Amino acid sequence: MKVLIADDHAIVRRGIMQVIKDEMPGTVLGEASRESEILERVTKEPWDVLVLDIGLPARSGLEVLRDVKTKKPNLPVLMLTVYGEEQYAQRAREYGASGYLTKDTAPNAICKAIKDVAAGRTVFTESS
């Protein structure tokens, strides 16, 4: 499986990547920190899942999500953010996200969500 981690904070990207390495050995990982880099990597490389933050510096991750889904409509996108579901999850779903988790989610649950969205399932709570 190939997973692209898109977050503007290097320490967060590295932490997520380490969790995935520990829980999902053999996963090929990539990282991106800016909107242009995310779109370039998504367009030029095959990914099984994009893990995308909402709080990006120049544009919202939700706007980036719309662009990604225009270019790669079948790419599963898992939103992973500090913002609670009540704030953004419904909009993320409307824009084509396959799932929405907060960054306080347990590491094994994040990996399960990545596997779920890669398999075509969605990961949203009933309230979102």
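## The sheet

In this predicted model, five strands form an open sheet in the order 2-1-3-4-5, with parallel pairing; two strands count as paired if DSSP finds at least two bridges between them, and helices (H or I, at least four residues) and strands (E, at least two) are DSSP runs numbered from the N terminus. Strand 2 (28–32) and strand 5 (99–102) are the edge strands, each pairing on one side only. From one strand to the next the twist averages 20 degrees, where axes are lines fitted to C-alpha atoms, for helices over the stretch in contact, and angles run from 0 to 180 degrees between N-to-C directions.

Strand 1 and strand 2 run parallel and are joined by five bridges, and within this pairing isoleucine 5 has glutamate 31 of strand 2 as its bridge partner. Strand 4 (residues 77–81) pairs with strand 5 in the parallel sense over four bridges, and here leucine 78 stands opposite glycine 99 in strand 5.

## Basis of the values

Residues are numbered from 1 along each chain as its sequence is written, and side-chain values use heavy atoms, with hydrogens and water left out. Because the model is predicted, local features need pLDDT of at least 70 and side-chain atom pairs count only at pLDDT 80 or more, whereas totals for chains, interfaces and linings use all residues.

## Helices against the sheet and each other

Helix 5 (residues 107–118) lies across strand 1 (2–6), strand 3, strand 4 and strand 5, and runs at about 155 degrees to strand 4. Contact, here and below, means heavy atoms within 4.5 Å.

Two packed helices are described by the angle between their axes and the distance between the axes. Helix 1 (residues 10–23) packs with helix 5 at an angle of about 80 degrees, the axes being 10 Å apart. Helix 1 is therefore roughly perpendicular to helix 5, on a scale where angles under 35 degrees count as roughly parallel, over 145 as roughly antiparallel, 65 to 115 as roughly perpendicular and the rest as oblique. Val19, Ile20 and Glu23 of helix 1 make this contact with Pro107, Asn108, Cys111, Ile114 and Lys115 of helix 5.

## Nonpolar cores

The largest nonpolar core has 23 residues, and those with the most contacts inside it are Ile38, Leu50, Leu52, Leu65, Val68 and Met79; such a core is a set of buried Ala, Val, Leu, Ile, Met, Phe, Trp, Tyr and Cys residues joined through side-chain atoms within 4.5 Å. Buried means under 20% relative accessible area, exposed over 50%, and partly exposed in between (1.4 Å probe, protein chains only). At least two residues of this core come from each of strand 1, helix 2, strand 3, helix 3, strand 4 and helix 4 (85–94), and helix 3 gives the most, with four residues. Apart from this core lies another, of 18 residues, among them Leu29, Val49, Leu101 and Val123.

Leucine 65 touches Leu52, Val77, Met79, Ala92, Tyr95, Gly96 and Ala97, not counting residues up to four places away in sequence.

## The edge strands and their surroundings

Four of the five residues of strand 2 are buried, so this strand is largely enclosed by the rest of the structure. Serine 33 is found in the loop between strand 2 and helix 2 (35–44), and is buried, with a relative accessible area of 18%. Serine 33 touches Asp7, Asp8, Arg13, Leu56 and Pro57, not counting residues up to four places away in sequence. Arginine 13, which lies in helix 1, counts as buried at 10% relative accessibility. The side chains of arginine 13 and glutamate 31 are joined by a polar contact of 2.7 Å, that is, a pair of N or O atoms within 3.5 Å, of which, within protein, one must be able to donate a hydrogen and the other to accept it, while residues adjacent in sequence count only if both atoms are side-chain atoms.

Strand 5 is covered on both faces, with Gly99 and Leu101 on one side and Tyr100 and Thr102 on the other all buried. The side chain of threonine 102 makes a polar contact with that of aspartate 104 (2.4 Å). Threonine 102 also touches Leu80, Thr81, Tyr83 and Gly84, not counting residues up to four places away in sequence.
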